Amino acid sequence: MRPLGFYYTILPYTPDGDPNPCFTVEGTADKRVEIMAETHGLLNSKLCVRTQVQDFGCDDGRLYNCEQANANTLTIEFYCDTNGCDQSPIAIWVRFVVSFDGKWIFGILL
């Protein structure tokens, strides 16, 4: 069953430098973008995320970040830390939420 608002993708095992899954989010100028991801089935895999602005690092099976976008387009790349992943593809759920005016109210992105 698909979690609400999430997309499903496969993070390939890339020993030969195959491309990682990338997503482009439009309409992000002067707004905040909430990035969420979770591995499906393997919560101990080191899931990592970076944008064209910065590398947010890795976490065990789940990622959460909220970033102030400085351009109208934000490209988000997911990858697996080579020290924390099995030698097989990993299924992940990802979700992006763009704010209306770049503000949070009561812990909710608006």
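Q: Which residues have the most contacts inside the largest nonpolar core?
A: In this predicted model, the largest nonpolar core has 18 residues, and those with the most contacts inside it are Ile 35, Leu 47, Ile 76, Phe 78, Val 94 and Phe 96.

Q: And which strands supply at least two residues of this core each?
A: Strand S2 (22-26), strand S3 (32-39), strand S4 (46-51), strand S7 (73-80) and strand S8 (90-98) each supply at least two of the core residues. As a general background, nonpolar side chains in soluble globular proteins tend to be buried together.

Q: Can we zoom in on one of them: what does Phe 78 touch?
A: Leaving aside residues up to four places away in sequence, Phe 78 touches Leu 11, Asn 20, Pro 21, Phe 23, Ile 35, Ala 37, Leu 47, Cys 48, Val 49, Ile 92, Val 94 and Phe 96. Among these partners, Ile 35, Leu 47, Val 94 and Phe 96 are also listed with the most contacts inside the core.

Q: OK, stepping back, how many helices and strands does the chain have?
A: The chain has 0 helices and 10 strands, and read from the N terminus on, its elements run β-β-β-β-β-β-β-β-β-β.

Q: What share of the contacts with a separation of 6 or more comes from residues 24 or more positions apart?
A: Residues 24 or more positions apart account for 72% of those contacts in the chain.

Q: New topic, charges: how many salt bridges does a search of the whole structure find?
A: The search finds 5 salt bridges, and one of them is formed by Glu 34 with Arg 95, where the closest N and O atoms are 3.9 Å apart. Glu 34 lies in strand S3 and Arg 95 in strand S8, so this pair ties together parts that are 61 residues apart in sequence.

Q: Which residue does Lys 46 meet in a salt bridge?
A: The side chain of Lys 46 meets that of Asp 60, with 3.2 Å from N to O. Asp 60 lies in strand S5 (residues 55-60) and Lys 46 in strand S4, so the pair ties together parts that are 14 residues apart in sequence. Asp 60 is partly exposed, with a relative accessible area of 41%, and Lys 46 is partly exposed as well, with 30%.

Q: What about Glu 77, which side chain does it meet in a salt bridge?
A: The side chain of Glu 77 meets that of Arg 50, at 2.9 Å from N to O. Glu 77 lies in strand S7 and Arg 50 in strand S4, so parts that are 27 residues apart in sequence are tied together by this pair. Salt bridges that share partners also join Arg 50, Asp 55 and Glu 77 into one network. Glu 77 counts as buried at 17% relative accessibility, while Arg 50 counts as partly exposed at 28%.

Q: Last one, how much of the whole chain counts as buried?
A: Of the 110 residues of the chain, 37% count as buried. The chain exposes about 6600 Å², and carbon and sulfur atoms supply 52% of that area.

Note on methods. Residues are numbered from 1 along each chain as its sequence is written. This is a predicted model: local features need pLDDT of at least 70, side-chain atom pairs count only at pLDDT 80 or more; totals for chains, interfaces and linings use all residues. Side-chain values use heavy atoms; hydrogens and water are left out. A nonpolar core is a set of buried Ala, Val, Leu, Ile, Met, Phe, Trp, Tyr and Cys residues joined through side-chain atoms within 4.5 Å. Buried means under 20% relative accessible area, exposed over 50%, partly exposed in between (1.4 Å probe, protein chains only). Helices (H or I, at least four residues) and strands (E, at least two) are DSSP runs, numbered from the N terminus. Contact means heavy atoms within 4.5 Å. A salt bridge is a side-chain nitrogen of Lys or Arg within 4 Å of a carboxyl oxygen of Asp or Glu. Accessible areas come from the Shrake-Rupley method with a 1.4 Å probe; for residues, only the protein chains shown count as cover.
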